[in-house]
Amino acid sequence: MTLVPIQLYLILGAVLFTIGAVGVLVRRNVIVIFMSIELMLNAVNLVFVAFARQLQSMEGQVTVFFVMTVAAAEAAVGLAIIIAAFRNRETVNADELNFLRW
Amino acid sequence: MIVLGLGLLVMLMILSLAGVVVVGGIDLAGLNLGHVVFALQASLMILSALGVIVNRSPIRSALSLVVTLFLLAVMFVSLDAHLVAMLQVIVYAGAIMVLFLFVIMLLNLHEDRPAMVRPGVRGFAGFVGTLFFLGAVHFVMHPLGAAPGAATVPAGFGTIEQLAEQLFTRSLLAFEVTSILLLVAIVGAVVLAKRKLA
């Protein structure tokens, strides 16, 4: 049905990944940094699904399944860490969360 | 602000359409609905993704991300990944984003001022991003040429049946390890978020 060339999906994936990467670099709020990481994971998922269709193989979609599971686990643990850090420092600013500094 | 956003949207749509024509080597007469839908989805997705990193308020960032994830699910459907699209809506846009919103609500976060790092660092991040993007585009364009997507897929492609068959045969070990990962994540999240360990 779709005849959109795979390059466009790959470029869209690159755009989304870049936006996510820049988000991680420029934002100060830890939660927004986390959301940017989710954005990067989703960009990669898009590329996996596009290649799965191009190569007529289900393996790409299975990989997306695993990426989603890992993302869910990561979000749960990461947000728990953010809650614990907020309880100690009353902040979610990445510049002020430096208690691992020696 | 809205006018600006709409103008940007239209511009992005035109740019994406031009991209389709140039990259795909497609003449405008043969432009079909799939390309128009793709251009629309892609421009909306890029806009909402930018909304995630530009918005001062974390709630607005989260809602922007929900929009992005929904559009991505639509794109999965057009790529014949039906089960993955469903999981995208239920797991990502549903469960994970609710978790994010819940934490934002719990911590009672308001607008960040300043939301971003120092301008110098911001410029550096933009430079790194541009470099990365150009590298990725070069990598994409170089070896592949302009291969059009396959017009048809085998019957049942992307259904639960096919995905499950793959999952429970070739990826069985990874599947089982994933369940352990989820268990560890549950325990870890509970331990971390608990105020005092008894």
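In what order do the elements of chain B run from the N terminus on? In this predicted model, for which local features need pLDDT of at least 70 and side-chain atom pairs pLDDT 80 or more, whereas totals for chains, interfaces and linings use all residues, the order is α-α-α-α-α-α-α. Residues are numbered from 1 along each chain as its sequence is written, with chains lettered from A and ligands numbered from 1 in the order of writing.

Chain B contains seven helices and zero strands (DSSP runs of H or I of at least four residues and of E of at least two, respectively, numbered from the N terminus). Of its 198 residues, 23% are buried (20 or more other C-beta atoms, placed from the backbone, within 10 Å of the residue's own). Among the contacts in chain B with a separation of 6 or more, 57% join residues 24 or more positions apart (a contact requires C-beta atoms, placed from the backbone, within 7 Å).

The contact between the chains takes 61 residues from chain A and 79 from chain B. On the chain A side, H1 (6–26), H2 (30–54) and H3 (59–89) each supply at least two residues, the largest share, 22 residues, coming from H3(A). This side divides into 45 nonpolar, eleven polar and five charged residues (nonpolar: Ala, Val, Leu, Ile, Met, Phe, Trp, Tyr, Cys and Pro; charged: Asp, Glu, Lys and Arg; polar: the others, Gly among them).

The axes of H3(A) and H7(B) (residues 172–193) come within 8 Å and cross at roughly 10° (lines fitted to C-alpha atoms over the stretch in contact, with angles from 0 to 180 degrees between N-to-C directions). H3(A) is therefore roughly parallel to H7(B) (an angle under 35 degrees). Residues that meet here include A:Phe66, A:Val70 and A:Ile81 in H3(A) and B:Leu181, B:Ala185 and B:Leu192 in H7(B). The residues of this helix contact comprise 16 nonpolar, three polar and no charged.

Methods
Two residues are in contact if their C-beta atoms, placed from the backbone, lie within 7 Å. Angles under 35 degrees count as roughly parallel, over 145 as roughly antiparallel, 65 to 115 as roughly perpendicular and the rest as oblique. A residue is buried if 20 or more other C-beta atoms lie within 10 Å of its own, exposed if 12 or fewer, and partly exposed in between; C-beta atoms are placed from the backbone.
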